[in-house]
Amino acid sequence: MELKGYSHKFGDDVNTDYIISGKYKFSTIDMDELSVHLMEDLRPNFYNEIKKGDFIVAGENFGCGSSREQAPLVIKHAGISAVIATSFARIFYRNSINIGLPLVEVPTNNIDEGDLLTVDLEKGIVKNLTKDEVLKIKSLPKVMLKILQSGGLVNYYKKYGTLELID
């Protein structure tokens, strides 16, 4: 599974309320409506900057804060193909894998705004095509790759009828 898109860079400690502000997530569950507010407290009009397949790139502790599933759901629904960060908050990580949003752990200090990237989860690499660099991803267990390839935990269960790893 190779993903390709442009980077949209953020810093450390991007919490779930920055991803989707509480003033919206408590008033609607409509993902079309919520998606347009993605990251707007950090970067107004961010939704209009992204194209389907692009990446959110961040530093340490991305997704800290509340455990609400709306944060990864909004990112996925907006068309972001993966989030690349140095590290992730644990509950955000789990929620993202469960809904089929790939998360890539790799040092991001040399990825800049607008860099063209490819991510190959199976090979475990991020290629920065802008800078002609290859970064090694912290590898994902086989079961997580299968869950992501299935589009999330529910789809994996529907496909295989179990939560055990199917080869």
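This is a predicted model: local features need pLDDT of at least 70, side-chain atom pairs count only at pLDDT 80 or more; totals for chains, interfaces and linings use all residues.
Glu-113 turns out to be partly exposed, with a relative accessible area of 41%.

**Entry: the partner of Glu-113**

I looked for what Glu-113 holds on to, and found a salt bridge with Arg-43, with the closest N and O atoms 3.2 Å apart. This pair links distant parts of the chain, 70 residues apart: Arg-43 sits in the loop between helix H3 (31-35) and helix H4 (46-49), and Glu-113 in the loop between strand S4 (103-105) and strand S5 (116-120). Arg-43 is buried, at a relative accessible area of 16%.

**Entry: other salt bridges**

Lys-131 forms one with Asp-112, and their closest N and O atoms are 2.4 Å apart. Here Lys-131 comes from the loop between strand S6 (125-128) and S7, Asp-112 from the loop between S4 and S5, and the two are 19 residues apart. Lys-131 counts as partly exposed at 26% relative accessibility, and Asp-112 counts as partly exposed at 38%. On the subject of shared partners, I also wrote down that salt bridges join Arg-43, Glu-49 and Glu-113 into one network.

Next I turned to Lys-138 and Glu-105, whose side chains meet in a salt bridge at 3.7 Å, N to O. Lys-138 lies in the loop between strand S7 (133-136) and helix H7 (142-150) while Glu-105 belongs to strand S4, so their pairing ties together parts 33 residues apart in sequence. Lys-138 is exposed, with a relative accessible area of 54%, whereas Glu-105 is buried at 19%.

I found Ser-87 in the loop between S3 and H6. Ser-87 counts as buried, at 16% relative accessibility. What does the side chain of Ser-87 reach? The answer is the backbone nitrogen of Asn-61, at 2.8 Å. Leaving aside neighbours within four places in sequence, I list the contacts of Ser-87 as Gly-59, Glu-60, Asn-61, Phe-62 and Glu-105.

**Entry: the sheet**

In what order do the strands of the open sheet stand? I traced seven strands, in the order S4-S3-S2-S1-S5-S6-S7, with mixed pairing. S4 and S7 stand at the edges with a single partner strand each, so one side of each has no neighbour in the sheet. On average, neighbouring strands are turned by 30 degrees against each other, direction ignored.

I then followed S5 through its two pairings. Strand S1 (residues 2-9) and S5 run antiparallel and are joined by five bridges; Gly-5 has Leu-117 as its bridge partner in S5. S5 also pairs with S6 in the antiparallel sense, over four bridges. Thr-118 stands opposite Lys-127 in S6, and Val-119 stands opposite Val-126 in S6. The hairpin of S5 and S6 has four residues between the strands, and there Gly-124 takes a positive phi near 75 degrees.

How covered is S5? Five of its five residues are buried. Leu-116, Thr-118 and Asp-120 point one way from S5, and Leu-117 and Val-119 point the other way.

Which residues touch the most other members of the largest nonpolar core? Among its 48 residues, I found these to be Leu-38, Phe-62 and Ile-75. The elements that give two or more residues to this core are H3, strand S2 (55-58), H5, strand S3 (82-85), helix H6 (90-99), S4, S5 and H7.

I took a second look at Ile-75. Not counting residues up to four places away in sequence, Ile-75 touches Ile-19, Leu-38, Ile-56, Phe-62, Ile-80, Val-83, Phe-92 and Leu-101. Ile-75 is one of the buried residues of helix H5 (residues 70-77), along with Gln-70, Ala-71, Pro-72 and Val-74. Just after H5, I marked Gly-79, which takes a positive phi of about 100 degrees.

Technical notes: Residues are numbered from 1 along each chain as its sequence is written. Side-chain values use heavy atoms; hydrogens and water are left out. A salt bridge is a side-chain nitrogen of Lys or Arg within 4 Å of a carboxyl oxygen of Asp or Glu. Buried means under 20% relative accessible area, exposed over 50%, partly exposed in between (1.4 Å probe, protein chains only). Two strands pair if DSSP finds at least two bridges between them. A nonpolar core is a set of buried Ala, Val, Leu, Ile, Met, Phe, Trp, Tyr and Cys residues joined through side-chain atoms within 4.5 Å. Contact means heavy atoms within 4.5 Å. Axes are lines fitted to C-alpha atoms, for helices over the stretch in contact, and angles run from 0 to 180 degrees between N-to-C directions. A polar contact is a pair of N or O atoms within 3.5 Å; within protein, one must be able to donate a hydrogen and the other to accept it, and residues adjacent in sequence count only if both atoms are side-chain atoms.
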